[in-house]
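Please open the model in your viewer and keep the sequence beside it, ready to select one part after another.

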Amino acid sequence: MAEENKVKLHGMWASPYVKRVEIALKIKGIPYELVEEDLVNKSQLLLQYNPVHKKVPVLIHNGKSICESLVILEYIDETWKNGPPLLPQDPYKRAKVRFWTSFVEKELLENVLLVVRSEGEAQEKAIKVVFEKLNLLEEGLKDLFQGETHHIDGENMGILDIFLCSLFGAHKAQEEVLGVKFIDPEKFPLLSSWLTASTEVAVVKALQPSHEKLVMVYQFLRQKALQPSAAEVEVKEGVYVSSLSRSSAF
């Protein structure tokens, strides 16, 4: 029975999607075993547990697999009720949080990745779109918080906070590699203060790779994307950094 209740997480250290799940597990106080995957040579277990997408993260609980980071976070929240809730109890507030979480995932993340993968005019267009999306998010947060100070700690950090950390927790590394300052306190004061508070939460700090490692990840992604002769590198969920998963430097 103890083995059945054991929680395992198949992941890879550089994946922000995996970090989302780790943060949620830590916040809930759920012990788990991290199974580090080599995404170049995926394990048979990973292929068995996620035969559709063949990607990390995959959570194993009671011998059953749950895939896709947002689905996993909601599963964690619904299964372990004794820890801090990851979604608001109020249905309207919960719907608003889900809306902005989807916005961060589908609109912001995709365009930030376009900035990483492009150069010249294409990159300039992508940067412009990211700033437009950040403006929308800043205004959305004002409505969400309704003028109240959003205090964040290990007891009230939710899904939207976690998603924001997974995208912009490495904003200083992004700035160093891309030469663009996305999280500007003057342009986006609420977003900036919110992100600062989120990244200062103890469990988030403990799980964040070093600045040097993050810079190398973004340099690797950018170099591969801009070299037509290089092997294709997927930057979708779970296939975030291919050969880095085997590098002894990490």
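The tour below goes from a sheet to a helix, then to one residue, and ends at another helix.

This is a predicted model, in which local features need pLDDT of at least 70 and side-chain atom pairs count only at pLDDT 80 or more, while totals for chains, interfaces and linings use all residues. Residues are numbered from 1 along each chain as its sequence is written, and side-chain values use heavy atoms, with hydrogens and water left out.

Begin with the open sheet of 4 strands, whose order is β2-β1-β3-β4 with mixed pairing; strands are DSSP runs of E with at least two residues, helices are runs of H or I with at least four, and both are numbered from the N terminus. Two strands pair if DSSP finds at least two bridges between them. At the edges are β2 (33–36) and β4 (64–67), each of which pairs on one side only. Now select β1 (residues 7–11) and β3 (residues 58–61), which pair in the antiparallel sense over 4 bridges, and find leucine 9 opposite leucine 59 in β3.

Next select helix α2 (residues 16–28), where arginine 20 is found. Arginine 20 is buried, with a relative accessible area of 3%, where buried means under 20%, exposed over 50% and partly exposed in between (1.4 Å probe, protein chains only).

Finally, select helix α8 (residues 171–178), whose buried residues are His171, Ala173, Gln174, Val177 and Leu178. On the other side of α8, Lys172 and Glu176 are exposed.
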